Amino acid sequence: MSVSGAALTTPFGASGTAIHGLGGCVRVLSDGPDSKQRMATLRQLWARCLQPESCNQEAPVISLGSIPDDGPTFWERTTQQITAELIGQQAGKLLMLHAGGLCNPETGASVVYVAPSRTGKTTLTLSLSGRFGYLSDETIALDEQLHILG
């Protein structure tokens, strides 16, 4: 799916998109003078998780306007809020690991590495993500059949 095809418009005039991850969905909306640029950046950062046509209208909504914009940490906070919402939707339903993961982009074969905080999961993931598909550097979810949910 193209990133430009991921937009949705609400009755309130805010632009938005739907993000899927860990088997859940969250709608992200933005309004205000910089909403187009914010949505473009969000769609770029979350391009592999955009599937607005399959996110129902009852999915939780995160408003970018509710996240304090102090510059450099805005997108980190946004990612944390989206991830926390997706994790919350699946709590008790999936096996969630504090882990990193990469996949072979051609075969889908994946590797997951579990480790405590500050031991290098993010560094390893970012170092290898140019050659392999990025799954996560924070949370990996497995369903009952032990399939990885991104």
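These are my notebook entries on a predicted model of one protein chain.

**Entry 1: ground rules.** I worked from a predicted model, in which local features need pLDDT of at least 70, side-chain atom pairs count only at pLDDT 80 or more, and totals for chains, interfaces and linings use all residues. Residues are numbered from 1 along each chain as its sequence is written, and side-chain values use heavy atoms, with hydrogens and water left out.

**Entry 2: overall layout.** I looked up the secondary structure and found three helices and nine strands. Helices (H or I, at least four residues) and strands (E, at least two) are DSSP runs, numbered from the N terminus. Along the sequence the pattern reads β-β-β-α-β-α-β-β-α-β-β-β.

I then looked up burial, where buried means under 20% relative accessible area, exposed over 50%, and partly exposed in between (1.4 Å probe, protein chains only). Of the 150 residues, 38% count as buried. The accessible surface comes to about 8800 Å², and 55% of this surface belongs to carbon and sulfur atoms. Accessible areas come from the Shrake-Rupley method with a 1.4 Å probe; for residues, only the protein chains shown count as cover.

For contacts (heavy atoms within 4.5 Å), I noted the sequence separation. Among contacts with a separation of 6 or more, 60% are between residues 24 or more positions apart.

Entry 3: As background, nonpolar side chains tend to be buried together in soluble globular proteins.

I followed Val-26 further. Leaving out residues up to four places away in sequence, Val-26 touches Thr-17, Ala-18, Ile-19, Cys-55, Pro-60, Ile-62, Ile-82, Glu-85, Leu-86 and Gln-89.

Entry 4: I checked strand β2 (residues 15–21) and found seven of its seven residues buried. Ser-15, Thr-17, Ile-19 and Gly-21 point one way, Gly-16, Ala-18 and His-20 point the other way, and all are buried. In general, side chains in a regular strand alternate between the two faces of the sheet.

β2 pairs with β3 in the antiparallel sense, over seven bridges; two strands pair if DSSP finds at least two bridges between them. Ile-19 has Val-26 of β3 as its bridge partner. The hairpin has two residues between the strands, and Leu-22 there takes a positive phi near 55 degrees. Leu-22 is buried, at 7% relative accessible area.

I noted Leu-146 as well, with a positive phi of about 65 degrees although it is not a glycine. Leu-146 sits in the loop between β8 (139–142) and β9 (148–149), and at 59% relative accessibility it counts as exposed.

**Entry 5: cysteines.** How many disulfides are there? I count one disulfide, taking a pair of cysteine sulfur atoms within 2.5 Å as the rule. Cys-25 and Cys-55 form it, with their sulfur atoms 1.9 Å apart. Cys-25 lies in strand β3 and Cys-55 in the loop between α1 and β4 (61–63), so the bond ties together parts that are 30 residues apart in sequence. The torsion about the S-S bond is about -115 degrees, so this disulfide is left-handed. Cys-25 is buried at 10% relative accessibility, and Cys-55 is buried at 8%.

**Entry 6: α1 and the salt bridges.** In α1 I found Ser-35, Arg-38, Met-39, Thr-41, Leu-42 and Arg-43 buried. The buried residues of α1 pack against β2, β3 and α2.

I searched the whole structure for salt bridges and found two, counting a side-chain nitrogen of Lys or Arg within 4 Å of a carboxyl oxygen of Asp or Glu. Asp-34 bridges to Arg-38, with the closest N and O atoms 3.3 Å apart. Arg-38 also meets Asp-69 in a salt bridge (2.6 Å, N to O). This second pair links distant parts of the chain, Arg-38 in helix α1 and Asp-69 in the loop between β4 and α2, 31 residues apart. Arg-38 is buried at 12% relative accessible area, whereas Asp-34 is partly exposed at 33% and Asp-69 is partly exposed at 47%.
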